[in-house]
Amino acid sequence: MICGRSVFLAGLIDPMDIQVETAPRAAKQAQTRRPPTRQHARSLASAALDVAAEGVIVCDDALRVWLCNAAAFRFLGLEEPLQLRARPALSQVLAASPCLDETGRRTVLAHCAEAVANGDRAGGEIELPADSRAGTGLALRLRRVAPRRWALMFSAARATAASDPLAHDPLTGLANQRRFEAALTDRLAMAGPGGQQDWPGLLLIDVEGHGSLTEASGRAAGDALLRLVGQRLRAALRESDLPARLDDGIFAALVPAAAGVETLARRLVERLARPYVVQGQVAHVQASVGLAVAPRDGHEAGQLLHSADLARRQAKAEGAGIYRSFNVLMREQAEARRSLEADLRKALVLGQFELFYQPQFNVATRRVLACEALLRWRHPIRGLVAPGDFISVTEEIGLINAIGEWVLRTACQEAMDWPGSIGVAVNVSPLQLADPDRLLRAVAGALAASGLRPERLEIEITESALFGQEAATLDCLRTLQARGVQISLDDFGTGYSSLSRLRSFRFDRIKIDRSFVKDITEDAHARGLVRAIAALGTGLALATVAEGVETDEQARQVEYEGCTDLQGYLISRPLPASEVRAVLLRLNERALLAGAAD
Ligand code: C2E
Ligand code: MG
Ligand code: MG
């Protein structure tokens, strides 16, 4: 039974020190006049703990219990005093509690272990769900009170919105989106001219890094990391600020007065990036923070959240690990992007895409042996849009597969009109290769529908397409090659230019990026690289195409260095489909005449 002095002390404070109530009045007065002795101070502290309403358990780094006050016993429903001199493990103490179920016990232990491992001075707070304890929920706070000593404080969860399971995020104990938005709305309603409160500021914090930890070490590790991030966020804020977790790795903070919000953002970026210890391993996250302040960036909750979100995206796009404040330009860019997406979604159905073709000239035969299909978007207001301005958007919004299939079908169909057996090269996005079955079906469908021989079709991929899903991608390319389709490596020299890739797959052609060809006449370095790549091609029995040849000097130089094919404005600009046939006939006729004259 807990009776009388119920602060159980194990080396920290001795029960015999508790003399406050029994000391004679005179002695007490004398004591108050003299500076308090160390022992007296300890007695006062333990007496205060004894009557505290909050339960307190003091543990060391190994989570062994050194002290447990009466209220802690009450909260845990423990009847028998613990033998604290033996320093029982916290897990044992919690296991003895009839008030905590298995989940509750594990939550408390995991929380303490994480905080101790991370050495955070502010160990953070958790609220156990009501069903972890009979009756009311239990709120817990952990604080480091001395080197290697931690105080675990218990109280009944407040019957406020904070303890409403619908208002808080069960993983971190922070406010959830619903509560956060409600608080923001309230704040905004109370602010402003004539209002009693300052205008608030808002931070959206995009945390990256837990996903890779989850992949490597499992869900529990990723969750533990997010919990630690939540604790650090709370520790970095003032009592009056409201931290929240809105979605997976998206945290937020509502700051009652916007002044100083930039300093806070800078501090958060720096603090959240410090290392964490999760399940004994060191983990890192990067935080991209977007700021918005009322009323400048919005008077109303939805608008302010949207502004902060645009700033967050901007911070992330600029490389993460930074903060950005909202500005009007961001809204305009977002609007432009939205309208581009909307137009692109309609473009295929409205038949606004077309293919241009650029001839590739073979050095040995002096003839055009193939043309590259280059996508164009003819928009009634935007005009003729180049692929550099929209392909990446179609990739991001998931349209590239459908557009890529259209390109394959159209290119094969249109190439059937060309003289001789001139081939057609089609650019394929890394995202198309990421779905090999669909790509194989699309190629087979395009060949079957047009009747084009597979040998006349060439697929151009960039090196980045080979990252990630190597085995499946290589299998797909091998299947295509086995069916007779040629495969070339585009923009060689701009990516990793890895020799092992050239070894793992036998490409039919390498295309040397335009940036090398552009400088070839003036820059010995660029010339050396083109020579080396051409030699690589000769050694591996691959064709090498020089891209972007614009002048006679460049053409002479790339030929001299050993490139087998040329492509560029010198031979021809990309041509609309209707003009290709005539130009091909003319170019090859000229080659024929030149050959006859030799
Ligand atoms: P790429 O495959 O490297 O295509 C060559 C680009 O260089 C083309 O730009 C072409 O117009 C341009 N070019 C050719 N010769 C010269 C020259 O002598 N000087 C200069 N300055 N430029 C030259 P374009 O058509 O704007 O295409 C850009 C990129 O867009 C392509 O680069 C390709 O990666 C991508 N792309 C084009 N069409 C498609 C497509 O149907 N699907 C996919 N996924 N990507 C495509
Ligand atoms: Mg290409
Ligand atoms: Mg290229």
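1. A cavity is a set of grid points over the protein atoms where a 1.4 Å probe fits but cannot get out. The model under review is predicted, and by this definition the structure holds one cavity of 30 Å³ or more.

2. What is the volume of the largest cavity? The value is about 30 Å³. The residues that line the largest cavity are Leu466, Glu470, Leu474, Arg501 and Ser504. By class, this lining consists of two nonpolar residues, one polar residue and two charged residues. Two helices each contribute at least two residues to the lining, namely helix 16 (470-482) and helix 17 (499-504).

3. The ligand takes up the largest pocket. Strand 15 (367-379) and strand 19 (486-492) are the elements that provide two or more residues to the shell around ligand 1. Strand 15 gives the most, with four residues.

4. Which residues come nearest to ligand 1? There are 21 residues around the ligand, and those that come nearest are Glu372, Arg376, Asp490, Arg514 and Glu550. When the shell is divided by class, eight residues are nonpolar, five are polar and eight are charged.

5. In the side chain of glutamate 550, an N or O atom lies 2.5 Å from a nitrogen atom of the ligand. Aspartate 491 places a polar side-chain atom 3.1 Å from an oxygen atom of ligand 1. Leucine 375 takes part through its backbone: an N or O atom there is 3.1 Å from a nitrogen atom of ligand 1. Taken alone, ligand 1 exposes 790 Å², and the protein buries 82% of that area.

6. Where is proline 295 placed? Proline 295 belongs to the loop between strand 12 (286-293) and helix 10 (301-317).

7. Arginine 366 is located in the loop that runs between strand 14 (353-362) and strand 15. Strand 15 is also the element that gives the most residues to the shell around ligand 1.

Definitions and conventions: Residues numbered from 1 in each chain as written. Chains lettered and ligands numbered in written order. Predicted model: local features only at pLDDT ≥ 70, side-chain atom pairs only at ≥ 80, totals over all residues. Heavy atoms only, no water. Near = heavy atom within 4 Å. Polar contact = N/O pair within 3.5 Å; in protein donor to acceptor, adjacent residues only side chain to side chain. Areas by Shrake-Rupley, 256 points an atom, 1.4 Å probe, with all protein chains shown as cover. 1 Å grid on protein atoms, 1.4 Å probe; cavity = no way out; pocket = protein on both sides within 12 Å on 5 of 7 lines; lining within 4 Å. Sits in = over half its atoms within 2 Å of the grid points. Nonpolar A, V, L, I, M, F, W, Y, C, P; charged D, E, K, R; others polar. Points joined across faces, edges and corners; volume = space filled by probe spheres on them.
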